[in-house]
Amino acid sequence: MAAVLLLLAVPGFAEDEQAFVRAYDSAAIEWGACPAFMPESCGLAILQGDPAKNNTDVLFRLRAGTTAPHHRHTSAERMVLLAGKMRVDYDGQAAVVLKPGNYAYGPPKLAHTATCESREDCMLFISFDQPVDATAVDQ
């Protein structure tokens, strides 16, 4: 009984909320467009949450050979690369190359670019703790 009371006290926990599983390559994933400054082929899918509120999980798809231009997010990003090979260049830091299974953390408001360097599309799981946004940064 104490465990149940503890769960009910956790912020964001709703009694009627259901657990679920999503495969990142499922045909049931509903893809939407990325912000206008991103490549047209870019895709964004909401896995859980409301992008206008805190704590939303998304899939970000970047086509092979394309780059997400210089941008930043209000929220921190907690990411796991699911497919492809992605180079991420954060301002003031050495570039990193993510491979499937790699975890990456991007601090709030730290501008960066991301390039899908593989022949296959890059698929990135991202967890945002604040509302989902992406703002273009002039270079």
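Me: In which loop is Lys109 found?
Reply: This is a predicted model, in which local features need pLDDT of at least 70, side-chain atom pairs count only at pLDDT 80 or more, and totals for chains, interfaces and linings use all residues. Residues are numbered from 1 along each chain as its sequence is written, and side-chain values use heavy atoms, with hydrogens and water left out. With helices (DSSP runs of H or I, at least four residues) and strands (runs of E, at least two) numbered from the N terminus, Lys109 belongs to the loop between β8 (103-106) and β9.

Me: Does Lys109 count as buried or exposed?
Reply: Buried means under 20% relative accessible area, exposed over 50%, and partly exposed in between, computed with a 1.4 Å probe on protein chains only. Because its relative accessibility is 58%, Lys109 counts as exposed.

Me: What is the phi of Lys109?
Reply: Most residues other than glycine have a negative phi. Lys109 is not a glycine, yet its phi is positive, at about 65°.

Me: Which residues does Arg72 contact, leaving aside its neighbours within four places in sequence?
Reply: Arg72 lies in strand β4, which covers residues 67-72, and it is partly exposed because its relative accessible area is 37%. Contact here means heavy atoms within 4.5 Å. On that basis, and with neighbours within four places in sequence set aside, the partners of Arg72 are Lys109, Leu110, Ala111, His112, Asp133, Ala134, Thr135 and Val137.

Me: What distance separates the C-alpha atoms of Arg72 and Leu110?
Reply: Arg72 and Leu110 stand 38 residues apart along the chain, and Leu110 is one of the residues in contact with Arg72. Their C-alpha atoms are separated by 5.8 Å.

Me: What distance separates the C-alpha atoms of Asp91 and Leu110?
Reply: Asp91 is found in the loop between β6 and β7 (96-98), where its relative accessible area of 39% makes it partly exposed. Apart from neighbours within four places in sequence, Asp91 contacts His70, Leu110 and Ala111. Leu110 is 19 residues away from Asp91 along the chain, and the separation of their C-alpha atoms is 6.8 Å.

Me: Which residues does Tyr24 touch, not counting those up to four places away in sequence?
Reply: Tyr24 occupies the loop between α1 (2-9) and β1 (32-33) and, with a relative accessible area of 32%, is partly exposed. Once residues up to four places away are excluded, Tyr24 touches Ile29, Leu59, Leu82, Ala83 and Met123.

Me: What pattern of helix and strands does the protein chain follow?
Reply: The protein chain has one helix and eleven strands. Taken in sequence order, these elements give the pattern α-β-β-β-β-β-β-β-β-β-β-β.

Me: Of the contacts in the protein chain with a separation of 6 or more, what percentage is accounted for by residues 24 or more positions apart?
Reply: The protein chain has 139 residues, of which 34% count as buried. Among contacts with a separation of 6 or more, residues 24 or more positions apart account for 68%.
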